[in-house]
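Notebook open; I want to look up the annotated domain, the pocket and a sheet in this one.

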Amino acid sequence: MAQNPNKKQVEQITDMEVDFAQWYTDVCKKAELIDYSSIKGMFIYRPYGYAIWENIQREMDRRFKETGHENVYLPMLIPESLLQKEKDHVEGFAPECAWVTMGGSEKLEERYCIRPTSETLFCEHYKNVIHSHRDLPKLYNQWCSVLRWEKTSRPFLRHREFLWQEGHTMHATPEEAREETMRMLNVYADFMENVLAMPVVRGRKTDKEKFNGAEETYTVECMMHDRKALQAGTSHYFGDGFARAFDITFTGKDNQLHYPHQTSWGVSTRMIGGIIMTHGDNNGLVLPPRVAPIQAMVIPVAQHKEGVLEAANALLDRLKAAGIRAGLDDSDQSMGWKAAQYEMKGVPLRVEIGPKDMEKDQCCVCRRDSGEKVFVPLAQLEDQVKELLDSVHDGLFARAQKNLEDHTKVCHTLEEVKAFMESEGGFAKTMWCGELDCELKMKEQAGVSSRCMPLKQEKVGDVCVCCGKPAKHSILWGVAY
(Lines give C-alpha, C1' and ligand atoms only; values in the text may rest on other atoms or scores of the structure.)
Protein backbone atom coordinates (compact mmCIF):
# COMPACT_ATOMS: atom_id res chain seq x y z
CA MET A 1 0.00 0.00 0.00
CA ALA A 2 1.60 3.28 -1.10
CA GLN A 3 0.89 6.64 0.44
CA ASN A 4 -0.80 9.37 -1.55
CA PRO A 5 2.12 11.32 -3.11
CA ASN A 6 -0.05 14.45 -3.24
CA LYS A 7 -0.71 14.41 0.49
CA LYS A 8 1.82 16.62 2.19
CA GLN A 9 3.05 15.34 5.53
CA VAL A 10 5.09 18.33 6.73
CA GLU A 11 3.40 21.73 6.40
CA GLN A 12 6.42 23.74 7.63
CA ILE A 13 8.36 22.93 4.45
CA THR A 14 7.76 25.17 1.41
CA ASP A 15 6.90 23.22 -1.76
CA MET A 16 9.93 23.03 -4.06
CA GLU A 17 7.70 23.96 -7.02
CA VAL A 18 6.80 27.23 -5.26
CA ASP A 19 10.27 28.31 -4.11
CA PHE A 20 13.11 25.82 -4.52
CA ALA A 21 15.62 27.92 -2.59
CA GLN A 22 13.28 28.27 0.37
CA TRP A 23 12.40 24.57 0.20
CA TYR A 24 16.11 23.76 0.44
CA THR A 25 16.64 26.04 3.45
CA ASP A 26 13.52 24.66 5.14
CA VAL A 27 14.77 21.09 4.74
CA CYS A 28 18.21 21.96 6.14
CA LYS A 29 16.62 23.55 9.20
CA LYS A 30 13.58 21.31 9.83
CA ALA A 31 15.54 18.07 9.37
CA GLU A 32 18.00 19.42 11.95
CA LEU A 33 21.03 19.21 9.67
CA ILE A 34 22.50 22.65 10.22
CA ASP A 35 22.11 25.91 12.10
CA TYR A 36 23.34 29.46 11.59
CA SER A 37 26.10 30.92 13.74
CA SER A 38 26.74 34.54 14.69
CA ILE A 39 29.39 34.78 11.94
CA LYS A 40 28.00 35.26 8.45
CA GLY A 41 28.78 32.33 6.19
CA MET A 42 29.86 30.01 8.99
CA PHE A 43 27.44 27.27 9.94
CA ILE A 44 26.95 24.80 12.77
CA TYR A 45 26.76 21.17 11.71
CA ARG A 46 24.11 19.66 13.96
CA PRO A 47 24.51 16.02 15.09
CA TYR A 48 22.27 14.60 12.36
CA GLY A 49 24.00 16.57 9.59
CA TYR A 50 27.46 15.80 10.96
CA ALA A 51 26.59 12.09 11.20
CA ILE A 52 25.91 12.09 7.43
CA TRP A 53 29.37 13.61 6.89
CA GLU A 54 30.95 11.02 9.20
CA ASN A 55 29.41 8.23 7.10
CA ILE A 56 30.61 9.88 3.90
CA GLN A 57 34.06 10.31 5.41
CA ARG A 58 34.22 6.69 6.60
CA GLU A 59 33.23 5.29 3.21
CA MET A 60 35.57 7.54 1.24
CA ASP A 61 38.49 7.09 3.60
CA ARG A 62 38.26 3.33 3.14
CA ARG A 63 38.42 3.78 -0.64
CA PHE A 64 41.42 6.10 -0.36
CA LYS A 65 43.32 3.61 1.77
CA GLU A 66 42.47 0.79 -0.62
CA THR A 67 44.20 2.80 -3.36
CA GLY A 68 47.33 3.24 -1.24
CA HIS A 69 46.80 6.70 0.25
CA GLU A 70 47.84 7.76 3.74
CA ASN A 71 46.26 10.46 5.89
CA VAL A 72 48.33 13.40 7.13
CA TYR A 73 47.56 16.73 8.75
CA LEU A 74 49.27 20.04 7.91
CA PRO A 75 49.01 23.47 9.59
CA MET A 76 46.00 25.71 8.94
CA LEU A 77 48.16 28.85 8.52
CA ILE A 78 50.18 29.58 5.39
CA PRO A 79 52.91 32.29 5.43
CA GLU A 80 52.26 34.92 2.77
CA SER A 81 55.76 34.42 1.34
CA LEU A 82 55.00 30.72 0.80
CA LEU A 83 51.66 31.41 -0.83
CA GLN A 84 53.29 33.84 -3.28
CA LYS A 85 55.57 31.18 -4.76
CA GLU A 86 52.99 29.95 -7.28
CA LYS A 87 51.68 33.04 -9.07
CA ASP A 88 48.60 31.63 -10.85
CA HIS A 89 47.52 29.79 -7.72
CA VAL A 90 47.66 32.77 -5.38
CA GLU A 91 45.98 35.11 -7.87
CA GLY A 92 43.01 32.76 -8.11
CA PHE A 93 42.49 32.61 -4.35
CA ALA A 94 43.46 36.17 -3.37
CA PRO A 95 39.87 37.54 -3.21
CA GLU A 96 38.83 34.75 -0.82
CA CYS A 97 41.82 34.77 1.54
CA ALA A 98 41.43 35.60 5.22
CA TRP A 99 44.57 36.83 6.98
CA VAL A 100 45.96 36.57 10.52
CA THR A 101 47.98 39.68 11.38
CA MET A 102 48.14 39.61 15.18
CA GLY A 103 49.57 37.01 17.56
CA GLY A 104 48.21 37.79 21.00
CA SER A 105 48.76 41.53 21.39
CA GLU A 106 51.68 41.74 18.96
CA LYS A 107 51.59 42.45 15.26
CA LEU A 108 53.12 39.61 13.26
CA GLU A 109 56.16 40.29 11.08
CA GLU A 110 54.49 38.38 8.23
CA ARG A 111 50.82 37.82 7.46
CA TYR A 112 49.44 34.28 7.63
CA CYS A 113 46.65 33.10 5.35
CA ILE A 114 44.09 30.73 6.83
CA ARG A 115 44.28 27.88 4.33
CA PRO A 116 41.84 28.11 1.39
CA THR A 117 43.56 24.93 0.11
CA SER A 118 46.91 23.37 0.95
CA GLU A 119 48.98 22.92 -2.22
CA THR A 120 51.70 25.29 -1.04
CA LEU A 121 52.03 23.65 2.38
CA PHE A 122 52.28 20.22 0.84
CA CYS A 123 54.93 21.46 -1.57
CA GLU A 124 56.98 22.90 1.30
CA HIS A 125 56.79 19.50 3.02
CA TYR A 126 57.52 17.51 -0.14
CA LYS A 127 60.67 19.54 -0.75
CA ASN A 128 61.94 18.25 2.61
CA VAL A 129 61.04 14.58 2.17
CA ILE A 130 61.46 13.85 -1.56
CA HIS A 131 65.07 13.34 -2.66
CA SER A 132 65.20 10.09 -4.64
CA HIS A 133 63.00 8.12 -6.99
CA ARG A 134 62.72 5.69 -4.08
CA ASP A 135 60.71 8.35 -2.21
CA LEU A 136 58.00 8.30 -4.88
CA PRO A 137 55.12 8.15 -5.21
CA LYS A 138 53.85 10.15 -2.24
CA LEU A 139 50.14 9.45 -1.85
CA TYR A 140 48.79 11.75 0.86
CA ASN A 141 45.30 12.85 1.87
CA GLN A 142 44.14 15.34 4.47
CA TRP A 143 40.74 15.65 6.20
CA CYS A 144 40.35 19.20 7.45
CA SER A 145 38.44 22.48 7.15
CA VAL A 146 39.35 25.36 4.86
CA LEU A 147 38.38 29.02 4.83
CA ARG A 148 37.32 31.02 1.78
CA TRP A 149 35.78 34.44 2.39
CA GLU A 150 32.73 34.00 0.17
CA LYS A 151 30.46 37.00 -0.37
CA THR A 152 27.30 34.89 -0.40
CA SER A 153 26.59 31.68 1.49
CA ARG A 154 24.09 28.81 1.54
CA PRO A 155 23.99 25.82 3.88
CA PHE A 156 26.36 23.07 2.68
CA LEU A 157 26.69 24.57 -0.80
CA ARG A 158 28.79 27.64 -0.03
CA HIS A 159 30.35 28.16 3.40
CA ARG A 160 33.18 30.44 4.39
CA GLU A 161 34.52 27.56 6.47
CA PHE A 162 33.72 24.08 5.21
CA LEU A 163 34.85 20.52 5.78
CA TRP A 164 36.52 18.50 3.07
CA GLN A 165 39.31 16.16 2.10
CA GLU A 166 42.18 17.19 -0.11
CA GLY A 167 44.45 14.62 -1.70
CA HIS A 168 47.96 15.71 -2.73
CA THR A 169 50.25 13.28 -4.50
CA MET A 170 53.70 13.35 -6.14
CA HIS A 171 54.88 11.04 -8.92
CA ALA A 172 58.05 10.35 -10.85
CA THR A 173 56.47 10.68 -14.31
CA PRO A 174 53.63 12.59 -15.93
CA GLU A 175 52.06 9.28 -16.97
CA GLU A 176 51.83 8.12 -13.34
CA ALA A 177 50.40 11.47 -12.24
CA ARG A 178 47.79 11.49 -14.98
CA GLU A 179 46.83 7.91 -14.08
CA GLU A 180 46.37 9.04 -10.46
CA THR A 181 44.24 12.01 -11.57
CA MET A 182 41.84 9.73 -13.43
CA ARG A 183 41.90 7.02 -10.76
CA MET A 184 40.67 9.44 -8.13
CA LEU A 185 38.06 10.95 -10.45
CA ASN A 186 36.71 7.43 -10.91
CA VAL A 187 36.79 6.80 -7.14
CA TYR A 188 34.62 9.89 -6.73
CA ALA A 189 32.23 8.87 -9.52
CA ASP A 190 31.86 5.36 -8.09
CA PHE A 191 31.18 6.79 -4.64
CA MET A 192 28.58 9.27 -5.90
CA GLU A 193 26.69 6.62 -7.82
CA ASN A 194 27.04 3.54 -5.61
CA VAL A 195 26.82 5.22 -2.20
CA LEU A 196 24.99 8.54 -2.70
CA ALA A 197 22.76 7.28 -5.56
CA MET A 198 23.72 10.41 -7.55
CA PRO A 199 24.43 9.80 -11.27
CA VAL A 200 27.36 11.84 -12.57
CA VAL A 201 28.83 13.08 -15.82
CA ARG A 202 32.61 12.72 -15.82
CA GLY A 203 34.49 15.27 -17.86
CA ARG A 204 37.29 17.76 -18.24
CA LYS A 205 36.93 21.42 -17.35
CA THR A 206 37.74 24.11 -19.91
CA ASP A 207 40.86 26.22 -19.37
CA LYS A 208 38.63 29.03 -18.10
CA GLU A 209 37.03 26.79 -15.46
CA LYS A 210 40.05 24.72 -14.39
CA PHE A 211 41.67 25.00 -10.95
CA ASN A 212 44.19 27.81 -10.48
CA GLY A 213 47.66 26.43 -11.16
CA ALA A 214 46.46 23.17 -12.75
CA GLU A 215 47.26 21.97 -16.25
CA GLU A 216 44.08 19.89 -16.38
CA THR A 217 41.01 19.71 -14.14
CA TYR A 218 38.49 16.87 -14.26
CA THR A 219 35.06 16.96 -12.65
CA VAL A 220 32.02 14.91 -11.72
CA GLU A 221 28.89 16.96 -12.49
CA CYS A 222 25.45 16.11 -11.07
CA MET A 223 21.98 17.41 -11.94
CA MET A 224 19.72 18.57 -9.12
CA HIS A 225 15.90 18.45 -8.90
CA ASP A 226 15.71 21.99 -10.25
CA ARG A 227 17.93 20.96 -13.19
CA LYS A 228 20.88 23.06 -12.10
CA ALA A 229 24.36 21.57 -12.06
CA LEU A 230 26.40 20.76 -8.98
CA GLN A 231 30.14 20.30 -9.32
CA ALA A 232 30.42 17.48 -6.78
CA GLY A 233 34.14 16.75 -6.92
CA THR A 234 37.28 17.62 -8.87
CA SER A 235 40.64 16.01 -9.66
CA HIS A 236 43.59 18.05 -10.95
CA TYR A 237 46.79 17.31 -12.83
CA PHE A 238 49.42 19.95 -12.03
CA GLY A 239 52.31 18.69 -14.12
CA ASP A 240 55.58 19.89 -12.61
CA GLY A 241 54.57 23.54 -12.24
CA PHE A 242 54.39 23.56 -8.46
CA ALA A 243 57.54 21.41 -8.20
CA ARG A 244 59.48 23.99 -10.23
CA ALA A 245 58.06 26.90 -8.22
CA PHE A 246 59.08 25.22 -4.96
CA ASP A 247 62.31 23.67 -6.31
CA ILE A 248 61.26 20.09 -5.49
CA THR A 249 63.63 17.66 -7.21
CA PHE A 250 64.57 14.01 -6.98
CA THR A 251 67.42 11.90 -8.29
CA GLY A 252 66.07 9.48 -10.86
CA LYS A 253 67.25 6.00 -11.74
CA ASP A 254 69.47 7.69 -14.34
CA ASN A 255 71.23 9.64 -11.53
CA GLN A 256 69.90 12.90 -13.01
CA LEU A 257 67.75 15.47 -11.19
CA HIS A 258 64.07 15.57 -12.15
CA TYR A 259 60.97 17.48 -11.10
CA PRO A 260 58.14 15.29 -9.79
CA HIS A 261 54.62 15.57 -11.20
CA GLN A 262 51.74 16.46 -8.89
CA THR A 263 48.02 15.88 -8.47
CA SER A 264 45.34 17.27 -6.18
CA TRP A 265 41.74 16.15 -5.69
CA GLY A 266 38.93 16.98 -3.28
CA VAL A 267 35.30 16.71 -2.27
CA SER A 268 33.52 18.55 0.52
CA THR A 269 30.39 18.80 2.63
CA ARG A 270 28.73 20.33 -0.44
CA MET A 271 27.89 16.69 -1.26
CA ILE A 272 25.29 16.84 1.52
CA GLY A 273 23.65 19.71 -0.33
CA GLY A 274 23.73 17.53 -3.43
CA ILE A 275 21.98 14.70 -1.58
CA ILE A 276 19.24 17.08 -0.44
CA MET A 277 18.67 18.57 -3.90
CA THR A 278 18.91 15.26 -5.78
CA HIS A 279 16.64 13.11 -3.64
CA GLY A 280 14.53 15.35 -1.38
CA ASP A 281 10.80 15.97 -1.82
CA ASN A 282 8.09 18.20 -0.40
CA ASN A 283 7.96 16.13 2.79
CA GLY A 284 11.64 16.81 3.46
CA LEU A 285 14.89 14.93 3.30
CA VAL A 286 15.29 11.62 1.47
CA LEU A 287 18.58 9.96 2.41
CA PRO A 288 20.39 7.30 0.39
CA PRO A 289 20.57 4.31 2.74
CA ARG A 290 24.35 3.86 2.57
CA VAL A 291 25.05 7.18 4.31
CA ALA A 292 21.85 7.56 6.35
CA PRO A 293 22.68 7.91 10.09
CA ILE A 294 19.60 5.77 10.81
CA GLN A 295 18.74 3.27 8.10
CA ALA A 296 15.69 1.80 9.86
CA MET A 297 13.64 3.40 12.63
CA VAL A 298 11.62 0.96 14.71
CA ILE A 299 8.26 2.38 15.85
CA PRO A 300 6.00 0.49 18.28
CA VAL A 301 2.29 0.85 17.45
CA ALA A 302 -0.03 1.04 20.49
CA GLN A 303 3.05 0.73 22.64
CA HIS A 304 1.00 0.88 25.84
CA LYS A 305 -0.35 -2.58 25.10
CA GLU A 306 1.25 -5.63 26.61
CA GLY A 307 4.39 -6.94 24.92
CA VAL A 308 4.61 -4.27 22.19
CA LEU A 309 7.65 -2.42 23.56
CA GLU A 310 9.43 -5.69 24.21
CA ALA A 311 8.75 -6.82 20.63
CA ALA A 312 10.00 -3.47 19.25
CA ASN A 313 13.19 -3.69 21.30
CA ALA A 314 13.75 -7.24 20.07
CA LEU A 315 13.52 -5.97 16.45
CA LEU A 316 15.98 -3.19 17.25
CA ASP A 317 18.49 -5.64 18.72
CA ARG A 318 18.22 -7.96 15.74
CA LEU A 319 18.70 -5.15 13.21
CA LYS A 320 21.74 -3.79 15.03
CA ALA A 321 23.24 -7.26 15.31
CA ALA A 322 22.85 -7.59 11.53
CA GLY A 323 24.92 -4.44 11.01
CA ILE A 324 21.99 -2.17 10.18
CA ARG A 325 22.03 1.33 11.65
CA ALA A 326 18.72 1.21 13.52
CA GLY A 327 16.91 3.33 16.10
CA LEU A 328 13.80 3.05 18.25
CA ASP A 329 11.25 5.77 19.04
CA ASP A 330 9.38 4.79 22.18
CA SER A 331 8.51 8.39 23.10
CA ASP A 332 4.98 9.43 23.98
CA GLN A 333 4.54 11.30 20.68
CA SER A 334 1.62 10.19 18.49
CA MET A 335 2.04 7.68 15.68
CA GLY A 336 1.24 10.42 13.15
CA TRP A 337 3.93 12.69 14.58
CA LYS A 338 6.52 9.93 14.44
CA ALA A 339 5.67 9.03 10.85
CA ALA A 340 5.95 12.69 9.75
CA GLN A 341 9.15 13.23 11.77
CA TYR A 342 11.10 10.38 10.19
CA GLU A 343 9.61 11.21 6.82
CA MET A 344 11.07 14.70 7.18
CA LYS A 345 14.44 13.40 8.39
CA GLY A 346 14.70 11.09 5.40
CA VAL A 347 15.08 7.79 7.25
CA PRO A 348 15.02 5.15 4.47
CA LEU A 349 12.81 2.62 6.31
CA ARG A 350 10.26 2.72 9.14
CA VAL A 351 9.75 -0.64 10.85
CA GLU A 352 6.40 -0.69 12.64
CA ILE A 353 5.10 -3.39 14.96
CA GLY A 354 1.86 -3.55 16.96
CA PRO A 355 -0.46 -6.13 18.53
CA LYS A 356 -1.97 -7.27 15.21
CA ASP A 357 1.49 -7.67 13.67
CA MET A 358 2.63 -9.68 16.69
CA GLU A 359 -0.32 -12.05 16.24
CA LYS A 360 0.80 -12.66 12.64
CA ASP A 361 4.54 -12.86 13.42
CA GLN A 362 5.23 -9.95 11.10
CA CYS A 363 6.14 -6.27 11.01
CA CYS A 364 5.27 -3.48 8.58
CA VAL A 365 8.16 -1.79 6.75
CA CYS A 366 7.47 1.59 5.08
CA ARG A 367 9.84 2.90 2.39
CA ARG A 368 10.72 6.61 2.47
CA ASP A 369 11.38 6.86 -1.27
CA SER A 370 8.02 5.53 -2.49
CA GLY A 371 5.82 5.32 0.61
CA GLU A 372 5.22 1.64 -0.17
CA LYS A 373 4.41 -0.56 2.82
CA VAL A 374 5.69 -4.14 2.93
CA PHE A 375 4.65 -6.77 5.49
CA VAL A 376 7.72 -8.75 6.47
CA PRO A 377 7.64 -12.10 8.36
CA LEU A 378 9.70 -11.71 11.53
CA ALA A 379 11.74 -14.77 10.62
CA GLN A 380 12.93 -12.93 7.48
CA LEU A 381 13.49 -9.52 9.11
CA GLU A 382 17.24 -9.05 8.61
CA ASP A 383 17.42 -10.33 5.03
CA GLN A 384 14.36 -8.43 3.83
CA VAL A 385 15.40 -5.14 5.46
CA LYS A 386 18.79 -5.39 3.76
CA GLU A 387 17.11 -6.13 0.44
CA LEU A 388 14.75 -3.19 0.90
CA LEU A 389 17.65 -0.83 1.69
CA ASP A 390 19.34 -1.86 -1.56
CA SER A 391 16.03 -1.43 -3.38
CA VAL A 392 15.65 2.09 -1.99
CA HIS A 393 19.16 2.94 -3.20
CA ASP A 394 18.42 1.56 -6.67
CA GLY A 395 15.11 3.42 -6.82
CA LEU A 396 16.70 6.73 -5.87
CA PHE A 397 19.46 6.28 -8.45
CA ALA A 398 16.99 5.36 -11.21
CA ARG A 399 14.86 8.42 -10.47
CA ALA A 400 17.88 10.74 -10.50
CA GLN A 401 19.21 9.11 -13.67
CA LYS A 402 15.86 9.72 -15.38
CA ASN A 403 15.97 13.38 -14.32
CA LEU A 404 19.44 13.68 -15.85
CA GLU A 405 18.53 11.95 -19.10
CA ASP A 406 15.16 13.70 -19.53
CA HIS A 407 16.72 17.13 -19.14
CA THR A 408 19.89 16.76 -21.22
CA LYS A 409 19.21 18.11 -24.70
CA VAL A 410 21.29 18.34 -27.87
CA CYS A 411 21.34 21.92 -29.16
CA HIS A 412 22.86 23.21 -32.40
CA THR A 413 22.67 26.99 -31.98
CA LEU A 414 23.10 29.53 -29.21
CA GLU A 415 19.44 30.45 -29.64
CA GLU A 416 18.43 26.82 -29.04
CA VAL A 417 20.48 26.74 -25.85
CA LYS A 418 18.91 29.98 -24.65
CA ALA A 419 15.37 28.78 -25.43
CA PHE A 420 16.01 25.43 -23.69
CA MET A 421 17.31 27.12 -20.56
CA GLU A 422 14.40 29.56 -20.45
CA SER A 423 11.73 26.90 -21.04
CA GLU A 424 12.87 24.00 -18.85
CA GLY A 425 16.60 24.04 -18.07
CA GLY A 426 19.09 21.25 -17.65
CA PHE A 427 22.25 20.32 -19.53
CA ALA A 428 22.59 21.59 -23.08
CA LYS A 429 24.85 19.28 -25.08
CA THR A 430 26.56 21.00 -28.01
CA MET A 431 29.72 21.11 -30.08
CA TRP A 432 32.36 23.75 -29.28
CA CYS A 433 35.36 25.18 -31.10
CA GLY A 434 37.42 25.48 -27.91
CA GLU A 435 37.75 29.28 -28.03
CA LEU A 436 37.35 31.41 -24.89
CA ASP A 437 35.39 34.07 -26.78
CA CYS A 438 32.60 31.59 -27.50
CA GLU A 439 32.59 30.36 -23.90
CA LEU A 440 32.17 33.93 -22.66
CA LYS A 441 29.49 34.65 -25.27
CA MET A 442 27.48 31.61 -24.12
CA LYS A 443 27.57 32.94 -20.57
CA GLU A 444 26.61 36.46 -21.61
CA GLN A 445 23.81 35.63 -24.04
CA ALA A 446 22.46 32.25 -22.90
CA GLY A 447 23.23 32.58 -19.18
CA VAL A 448 25.10 29.25 -19.01
CA SER A 449 28.59 28.19 -18.01
CA SER A 450 30.58 25.29 -19.37
CA ARG A 451 30.12 22.33 -17.04
CA CYS A 452 32.56 19.92 -18.68
CA MET A 453 33.76 18.30 -21.87
CA PRO A 454 32.46 14.76 -21.16
CA LEU A 455 35.05 12.00 -21.22
CA LYS A 456 32.61 10.11 -23.45
CA GLN A 457 32.76 12.49 -26.38
CA GLU A 458 29.81 12.52 -28.79
CA LYS A 459 29.75 14.08 -32.22
CA VAL A 460 26.39 15.86 -32.17
CA GLY A 461 27.33 18.20 -35.03
CA ASP A 462 30.25 19.51 -37.07
CA VAL A 463 30.41 23.16 -36.06
CA CYS A 464 30.61 25.21 -32.87
CA VAL A 465 27.25 26.09 -31.33
CA CYS A 466 28.33 29.70 -30.98
CA CYS A 467 30.52 30.79 -33.88
CA GLY A 468 29.93 28.18 -36.59
CA LYS A 469 33.63 27.31 -36.90
CA PRO A 470 34.73 23.64 -37.06
CA ALA A 471 34.10 22.01 -33.69
CA LYS A 472 36.74 20.35 -31.51
CA HIS A 473 34.75 19.01 -28.53
CA SER A 474 31.30 18.06 -27.39
CA ILE A 475 30.51 20.00 -24.22
CA LEU A 476 27.79 20.38 -21.59
CA TRP A 477 26.43 23.80 -20.63
CA GLY A 478 24.25 24.57 -17.67
CA VAL A 479 23.42 26.85 -14.74
CA ALA A 480 25.46 25.85 -11.70
CA TYR A 481 25.34 26.18 -7.93
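Before I count helix and strand, I note that helices (H or I, at least four residues) and strands (E, at least two) are DSSP runs, numbered from the N terminus. I also keep in mind that this is a predicted model.

I checked the UniProt record, an unreviewed entry, which puts "domain: Aminoacyl-transfer RNA synthetases class-II family profile" at residues 19-288. For that span I get 33% helix and 30% strand, with the end C-alpha atoms 24 Å apart.

I find 44 residues lining the largest pocket, and R148, E150, R158, Q231 and R270 lie nearest its centre. Which elements give two or more residues to the lining? I list the helices α4 (87-93) and α14 (436-446), plus the strands β8 (161-171), β11 (229-239), β14 (261-268) and β22 (449-454). By residue class, I have the lining down as 17 polar, 14 charged and 13 nonpolar.

Sheet. I then looked at an open sheet of 3 strands, ordered β4-β6-β5, with antiparallel pairing. Why is one side of β4 and of β5 left without a neighbour in the sheet? I see β4 (77-79) and β5 (98-103) at the edges, each with a single partner strand, so one side of each has no neighbour there. From one strand to the next I get an average twist of 45 degrees.

Pairing. Zooming in on β4, I find 3 bridges joining it to β6 (residues 106-114), with the two strands running antiparallel. For L77, I noted I114 in β6 as the bridge partner.

How values were computed. Residues numbered from 1 in each chain as written. Predicted model: local features only at pLDDT ≥ 70, side-chain atom pairs only at ≥ 80, totals over all residues. Heavy atoms only, no water. 1 Å grid on protein atoms, 1.4 Å probe; cavity = no way out; pocket = protein on both sides within 12 Å on 5 of 7 lines; lining within 4 Å. Nonpolar A, V, L, I, M, F, W, Y, C, P; charged D, E, K, R; others polar. UniProt positions renumbered as here; feature names shortened; annotations may be inferred. Pairing = 2+ DSSP bridges. Axes fitted to C-alpha atoms, helices over the stretch in contact; angles between N-to-C directions.
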